[in-house]
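Please consult the sequence and the model shown here while reading.

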Amino acid sequence: MVTKIDHIGVAVKNLEESLKYYQETLGLELHGVEIVEEQKVKVAFLPIGDTEIELLESTDAEGPIAKYIDMKGEGVQHIAYRVDDIEKAIADMLSRGVKMIDEKSRYGAGGAKIAFCHPKSTNGVLVELCQRD
Ligand code: ZN
């Protein structure tokens, strides 16, 4: 059902500052930066091997990433699993008793189709399902 770890989402206060660690210390390459208005977030993509680190900076004090950092501080915010068919994956999760934050897929950074599972159903991990065509 899930085929790989598509990316790991990391909430940061300041994207430019955080990129120094990923680019200069770890030597990763910045693949692009995108603002996703709907999520009030600025996203940077750093591929590593077969997966990616996704850095998330809030563009709004009321955005979900700003709220996350207020509550828990900076850090790993979600893990995204790749799926082949997001609508089928959502239906499968619901049929297996997983509470979904998104019962329909929505636009994700990088042109993906995404849906979040509720952490109450996933041992406290915010899980993103992610389809890329
Ligand atoms: Zn993500």
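## The zinc site

The site of the zinc ion is irregular, with angles of 85 to 155° among its four donor atoms. The protein donors are His 7 (NE2), Glu 54 (OE), His 78 (NE2) and Glu 128 (OE), at 2.0 to 2.4 Å from the zinc ion. Donors are N, O and S atoms within 2.8 Å of the metal (3.2 Å for Na, K and Ca); water is not among the atoms, so sites may look incomplete.

Because His 7 belongs to strand 1 (residues 2-12) and Glu 128 to strand 8 (residues 127-131), the pair ties together parts that are 121 residues apart in sequence. Strands (E, at least two residues) and helices (H or I, at least four) are DSSP runs, numbered from the N terminus. His 7 is buried, at 1% relative accessible area, and Glu 128 is buried at 3%. Buried means under 20% relative accessible area, exposed over 50%, and partly exposed in between (1.4 Å probe, protein chains only).

## Gly 108

Gly 108 is part of strand 6 (residues 106-108) and is buried, with a relative accessible area of 2%.

## Basis of the model

This is a predicted model: local features need pLDDT of at least 70, side-chain atom pairs count only at pLDDT 80 or more, and totals for chains, interfaces and linings use all residues. Residues are numbered from 1 along each chain as its sequence is written, and side-chain values use heavy atoms, with hydrogens and water left out.

Note on methods:
Four donors count as tetrahedral if all angles lie between 85 and 135 degrees; four count as square planar and six as octahedral if opposite donors are over 155 degrees apart and all others between 65 and 115; anything else is irregular.
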